[in-house]
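Open the model in your viewer and keep the selection panel at hand. The stops below go one selection at a time.

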Amino acid sequence: MELKGSKSKSKSQSHMMLSPIDYAIDTSKLASELAEVYFKDPKCTIVNNRIPHTMNKNTYKQYEASNETLALESEQNRNIHAENLGWNVSHPPTLTDCCVVSLSRHFEKLRLLNEVPCENRTYLLEILPTDIPLEITIPLIDYEHYWERRYEAEFGTITYLRRIDWNWKCLYLERYLRKIVEFAQPQYRDEFEMDEILTHLEPYIQTLRVTQLQFWNPPLTMDKEDIPEVYPDDHIDFAPIFAKCQKIDEFDLVFGMNNVAENFDWRMFKVSVDDCLRLGTAILQLKLLKILRIHRSQIEDLHCQALVKGLVQNTTLIELELGHCKIGDQGALCIAKLIEVHPTLQNLILHDNLIGGIGGEGIGFALLQEGSCPLVSLDLRLNPLGHRGALGLMRSLVRGTKPEKINLACCQFEDMTSYIFGCMLKVNKSLTWIDVSNNWFGEFGGENLIVGLALNESVKWLDVRETYLTPEQFAAVKHLLRRNNKEVDSDDESEVELAIVEGTKPTVKFEEPQKKEEGEEETVNTEQIID
């Protein structure tokens, strides 16, 4: 009987202990204790109300109640809040979550990912450290969320255009290779010690953008007697890098330094001819290269000549940009030679250089040669072409069918240049996109421009801003472009603009050349136009 009584008493006591009133546990303290026991780190964060990264964050915000809604009287007595996704914040972590956290902490040793169940694998990728060596993560992890976290943690916001077929893994690895190249020291020949990491990166590198290159400094181990008085301007050699990364199809390079602050030195921005010679040779190793950009650098005529020496042997390049450099007429003639022999070049960008009349004539002459590259777009803006250089290009546009797009903005046109430009529009049927903004046309040039454009139905886009045309001439150009694009004008605008076009006549004509004697062929004497 006593035994039964004791049992009944113990039952009543246990019932009292488990009553809702007395059963109060500090769950946050319990979670901290569990973390301390399992991981020996009281700061270990195990989030119970975790929202998977596969769930759109906008969905969470959509279900989140506003402050006005929570202040309603009907909301005060509710016991169940279905929209509250943080209902289990104060609950102790599950054993599964503790195991996942433990896996993340010892991932370098265990390397368990595919063996983890799918629902727990998502959590593991969300908390996996972003400083794990690439030798482990590259072959093992293909999940985009991890590489997105790693990119944002190390490099922050993306500051350049991405490829159409981009993904976070390739984006991170390309950015990582860029960091290695930008901080490689030429005096220690660091580029020859990248074989191991390049072996892991090679399958994922398609675009390489380099915004700075370290300049040569005396090595710390060099004796003072061996230090030269004048330091060389050489940078690293890209040959060993391109030998490994054969899938690169876009290469962007700037010779210079970023964020130099008080350590500024003009040597940081110098380029040696040997740099360009080695680069032109190294590019030949890239059998898939399509886009090459070398801009914002001290590239002069000799550098351009050394670079083109290698490019003439390339057969895959589609776009070449040498903008914001110091290329003059001699460098432009080297590029003209490249135009003559290259089989695939379509886009040529040479803006903001020092190309004058001779360089413009050379490029125009190269475009007329049989077997020249199938050039589609030519950008020569911000070059001092003058009348002579522009005239050389007009000759090729009159006699040839290349290119389809041309940019001659701010190229120092003269009075006669605008007249010849209007005459070219009468004959040319290949141009569809033209930019001649920031050149001198004036009222006289505007009249000839309208006459030429009236006879041309192929030009779809023409920029004539800051050319000192009259408002009426601007309206006429606008009307003719709408006609070429087959757009419908309003009745009022159409009547006014048609009257301007029909009333415009050229005020100057060329004198007819003297007739040749019988038996001699008639030829166009371009020197009379220049005079």
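Select leucine 279 first. Leaving aside residues up to four places away in sequence, leucine 279 touches Phe238, Phe242, Phe251, Leu253, Phe255, Ile294 and Leu307. Keep in mind that this is a predicted model.

Now widen the view to the core. The largest nonpolar core has 110 residues, and those touching the most other members are Phe238, Phe242, Phe251, Leu279, Leu408 and Leu462.

**The whole chain**

Colour by secondary structure. The protein chain comes to 22 helices and 9 strands. Of its 531 residues, 43% count as buried. Take the contacts between residues at least 6 apart in sequence: 79% of them join residues at least 24 apart.

**The sheet**

The 9 strands form an open sheet, ordered S1-S2-S3-S4-S5-S6-S7-S8-S9, with parallel pairing. Strand S1 (207-210) and S9 stand at the edges; each has a single partner strand, so one side of each lacks a neighbour in the sheet. From one strand to the next, the twist averages 0°.

Zoom in on S1. Are its residues buried on both faces, or exposed? Thr207 and Arg209 on one side are buried, and so are Leu208 and Val210 on the other; both faces are covered. S1 and S2 run parallel, joined by 4 bridges. Pick valine 210: its bridge partner in S2 is leucine 253.

Move to strand S5 (residues 347-349) and select leucine 348. Leucine 348 is buried, at a relative accessible area of 0%. Not counting residues up to four places away in sequence, leucine 348 touches Leu320, Ile335, Ile339, Leu375, Ser377, Leu378 and Asp379. Draw a distance to glutamate 321. That residue is 27 residues from leucine 348 along the chain, yet their C-alpha atoms are separated by 6.1 Å.

Finish the sheet at S8 and S9. These strands run parallel and are joined by 3 bridges. Select tryptophan 433, which stands opposite tryptophan 461 in S9.

**The aromatic rings**

Show the aromatic side chains. How many aromatic pairs does a search of the whole structure find? The count is 18. Take phenylalanine 264 and tryptophan 266. Their ring centres are 5.0 Å apart and their planes stand at 75°, which is over 60, so the pair is edge-to-face. Phenylalanine 264 is partly exposed, at 42% relative accessibility. Tryptophan 266 is exposed, at 61%.

Next, select tryptophan 440 and tyrosine 468. Here the ring centres lie 5.2 Å apart with the planes at 45°, so this pair is tilted. The pair links distant parts of the chain, 28 residues apart. Tryptophan 440 sits in the loop between strand S8 (433-435) and helix H19 (442-454). Tyrosine 468 sits in the loop between strand S9 (461-463) and helix H20 (471-484). Tryptophan 440 counts as partly exposed at 39% relative accessibility, whereas tyrosine 468 is exposed at 55%.

For the last stop, select Tyr146, Trp147, Tyr151, Phe155, Trp166, Trp168, Tyr172 and Tyr176. Ring pairs link these residues into a cluster.

Methods:
Residues numbered from 1 in each chain as written. Predicted model: local features only at pLDDT ≥ 70, side-chain atom pairs only at ≥ 80, totals over all residues. Heavy atoms only, no water. Phe/Tyr/Trp six-rings, centres within 6.5 Å; stacked < 30°, edge-to-face > 60°. Buried < 20%, exposed > 50% of the residue type's maximum accessible area, 1.4 Å probe, protein only. Helix = DSSP H or I, 4+ residues; strand = E, 2+ residues; numbered from the N terminus. Pairing = 2+ DSSP bridges. Axes fitted to C-alpha atoms, helices over the stretch in contact; angles between N-to-C directions. Core = buried A, V, L, I, M, F, W, Y, C linked by side-chain atoms within 4.5 Å. Contact = heavy atoms within 4.5 Å.
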